[in-house]
Amino acid sequence: MNGQAKVIAFANQKGGVAKTTTTLNLAVAFAEEGHRVLCCDMDPQGNLTMSQGIDPDTVETSMYHVLVHHVSIREVIRRREIDVACASIDLAGAEIAMSTQIGRERSLEKAFRPIKDDYDFIFIDTPPSLGLLTINALTAADKVIVPVQCEYLSMRGLLQLQNTLTMIRENLNPNVDIEGILPTLVDTRTLHAKEAIELLEESFGERVFASRIRKTVRFAEAPVQGMSVLKYDPDGMAAHAYRQLAKEVLHNGQR
């Protein structure tokens, strides 16, 4: 791929929907296909940073410094399975620190500009809220992937996210759109999961990815080892699911 990086934000204001898992593993699946990928960790919890074996507590400069002090994003990128722009606990204070800045919603978009030729894709892992960090991510993004847990499928949460996107399109980024909705943590044995997916498809139709991310213990084990599930269990069901999703997203991008 040539030209500027395509920016994809992974967002859902509900926590525990496998957002970080999806951001990292899809990025690694893209890298396996030969793409240059940067993962940007915008979550103060720093789970994506940790899941590549980097301790967010020991990171000297992080996305906090990029957003608040306009440090070059190149200074916070570490090379692991993919490149990671690291988070630290400081990020929790970024929203307050940025709140007085002019153009505060565009800090991330500005930070990406100098590196957009270095990558084919930039993936952003967002915090589980619709605060200023997520708004920065959505303002910088071309597309949004929404991981949704099928168990307590809250349509309300999706509607809230859609309302936020509408607001962002009107005020900040006219082109951002949902790339797709990804059913995660699917327990295929339950009727509830099946009904939830049907309901999702009724409401969002084509926007629901054909790929399904099923529940597996591997997702808990891999980050502890500081690696993606594709590296930890390359032939497993979870790795296969993310490779399928990568093909689906890349195919959609060519349409």
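A polar contact is a pair of N or O atoms within 3.5 Å, where within protein one atom must be able to donate a hydrogen and the other to accept it, and where residues adjacent in sequence count only if both atoms are side-chain atoms. The model is predicted, with local features needing pLDDT of at least 70 and side-chain atom pairs counting only at pLDDT 80 or more, whereas totals for chains, interfaces and linings use all residues. Residues are numbered from 1 along each chain as its sequence is written, and side-chain values use heavy atoms, with hydrogens and water left out.

Q: Which residue caps the N-terminal end of H8?
A: Helices (H or I, at least four residues) and strands (E, at least two) are DSSP runs, numbered from the N terminus, and H8 covers residues 191–204. A side-chain oxygen lies 3.2 Å from the backbone nitrogen of Ala193. The residue that supplies this oxygen, and so caps the helix, is Thr190.

Q: Within what arc do the buried residues of H8 fall, seen down its axis?
A: Taking buried as under 20% relative accessible area, exposed as over 50% and partly exposed as in between (1.4 Å probe, protein chains only), the buried residues of H8 are Ala193, Ala196, Ile197, Leu200 and Phe204. On the other side of the helix, Leu191, Lys194 and Glu202 are exposed. With directions taken from the helix axis to the C-beta atoms, the buried residues line one face of H8, because they fall within an arc of 95°.

Q: Which helix gives the most to the lining of the largest pocket?
A: A pocket is an open set of points on a 1 Å grid over the protein atoms alone, with protein on both sides within 12 Å along at least five of seven lines, and its lining residues have an atom within 4 Å of a point. The largest pocket is lined by 24 residues, of which Ala18, Lys19, Thr20, Thr21 and Asn47 lie nearest its centre. Helix H1 (19–32), helix H2 (47–50) and helix H9 (218–224) each supply at least two residues of that lining. The greatest contribution, with 5 residues, comes from H1.

Q: How many of the 14 residues of H1 are buried?
A: H1 reaches 20 Å from its first C-alpha to its last, close to the 20 Å expected at 1.5 Å a residue, where the expected span is 1.5 Å times one less than the number of residues. The number buried in H1 is 11.

Q: Is Thr184 buried or exposed?
A: Thr184 is found in strand S7 (residues 177–184), and a polar atom of its side chain lies 2.8 Å from the backbone oxygen of Val17. With contact meaning heavy atoms within 4.5 Å, and leaving aside neighbours within four places in sequence, Thr184 is in contact with residues including Thr22, Pro147 and Ile213. Because its relative accessible area is 0%, Thr184 is buried.

Q: Where is the place of Cys86?
A: Cys86 counts as buried because its relative accessible area is 1%. Not counting residues up to four places away in sequence, Cys86 touches Asp41, Thr49 and Ile54, among others. The place of Cys86 is in the loop between strand S4 (83–85) and helix H4 (94–98).

Technical notes:
On a 1 Å grid over the protein atoms alone, a cavity is a set of points where a 1.4 Å probe fits but cannot get out, and a pocket is an open set with protein on both sides within 12 Å along at least five of seven lines; lining residues have an atom within 4 Å of a point.
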